[in-house]
Amino acid sequence: MDEQVRAAHARGLTDAGVAAEVGVSIATVKRVRSRLGLKTKCVTALRGREGEELVAAAAQALGLNVEWRPVEGAPHDLMIEGLRVDAKTTQADVQGRCRFRLGGARQSYYNRYSYAKDYVRDCELLALVCLPSDGGPPSVYFLNSVLARRDVRVRLGMPTPGLLGWTDAFPALRAVRAA
């Protein structure tokens with residue numbers, strides 16, 4: 001089965017496509033793919049990982065202590081200066097608008113499963129990463145999880161009440177930790 005998964009993955013199939021071709025569940029494909037060290041082909045998951053890596057690299061460049069989540073599937077993505085941070089990443093539309101849906105349930109395995117998500121319980125901060133459609137530099141905003149709404153909209157280059165911009169966020173992280 002390993003070779004079948006590897007070959008289907010090399011042809012660009014998603015986990016669902018590999019599962020259908022090999023005749024196993026998506027969960028099995030994910031486990032085998034992870035064990036083989038193969039990256040997902042899911043655009044959304046790849047975008048999410050890109051946002052997590054961007055936030056981690058920027059924090060480290062500023063000399064902040066960064067730790068990755070202890071296990072895959074943990075309720076937060078990063079620990080920055082001792083604060084639990086969950087990164088959310090989206091692609092801006094051509095007008096520079098970004099939308100983050102922060103509902104109380106999360107979907108996984110192509111919407112086959114749902115599980116509860118409580119941002120206030122799971123993290124102190126949300127890092128909202130907006131990737132411009134023109135490939136320009138990303139914008140990152142931080143939101144205290146207590147202030148999170150189900151639907152957060154950001155317009156690139158415009159101030160958004162309740163959000164800390166990238167340049168203001170890391171000094172604020174230090175201040176929150178000191179408090």
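A salt bridge is a side-chain nitrogen of Lys or Arg within 4 Å of a carboxyl oxygen of Asp or Glu. I note at the outset that the model I consulted is predicted.

**Entry 1: salt bridges.** By this rule I recorded a count of 16 salt bridges. I looked up Lys117 and Asp122, whose side chains meet in a salt bridge at 3.3 Å, N to O. Are these two residues buried or exposed? Lys117 has a relative accessible area of 8% and Asp122 has 5%; buried means under 20%, so Lys117 is buried and Asp122 is buried.

**Entry 2: helix α4.** I then turned to Glu53 and Arg49, which form a salt bridge at 3.3 Å, N to O. Both residues lie in helix α4, four residues apart, or about one turn of the helix. Glu53 is partly exposed at 40% relative accessibility, and Arg49 is partly exposed at 35%. I also found that salt bridges with shared partners join Arg49, Glu52, Glu53, Arg69 and Asp77 into one network.

**Entry 3: helices α1 and α2.** I looked up how α1 (residues 2-10) packs with α2 (residues 15-22): the angle is about 135° and the axes are 10 Å apart. That makes α1 oblique to α2. The crossing of α1 past α2 is right-handed. Arg11 and Glu21 form a salt bridge, with their closest N and O atoms 2.5 Å apart. Arg11 lies in the loop between α1 and α2, and Glu21 in helix α2, so the pair ties together parts ten residues apart in sequence.

**Entry 4: surface.** I noted a nonpolar surface patch formed by Val120, Val146 and Leu147, with about 290 Å² of accessible area together. Leu147 is in the loop between β8 and β9 and counts as exposed at 51% relative accessibility.

Note on methods: Residues are numbered from 1 along each chain as its sequence is written. This is a predicted model: local features need pLDDT of at least 70, side-chain atom pairs count only at pLDDT 80 or more; totals for chains, interfaces and linings use all residues. Side-chain values use heavy atoms; hydrogens and water are left out. Patches are made of residues with over 30% relative accessible area and no salt bridge: like charges are joined within 9 Å, nonpolar side chains (Val, Leu, Ile, Met, Phe, Trp, Tyr) within 5 Å. Accessible areas come from the Shrake-Rupley method with a 1.4 Å probe; for residues, only the protein chains shown count as cover. Helices (H or I, at least four residues) and strands (E, at least two) are DSSP runs, numbered from the N terminus. Buried means under 20% relative accessible area, exposed over 50%, partly exposed in between (1.4 Å probe, protein chains only). Axes are lines fitted to C-alpha atoms, for helices over the stretch in contact, and angles run from 0 to 180 degrees between N-to-C directions. Angles under 35 degrees count as roughly parallel, over 145 as roughly antiparallel, 65 to 115 as roughly perpendicular and the rest as oblique. A crossing is left-handed if the near helix is turned anticlockwise from the far one by less than a right angle, and right-handed if clockwise.
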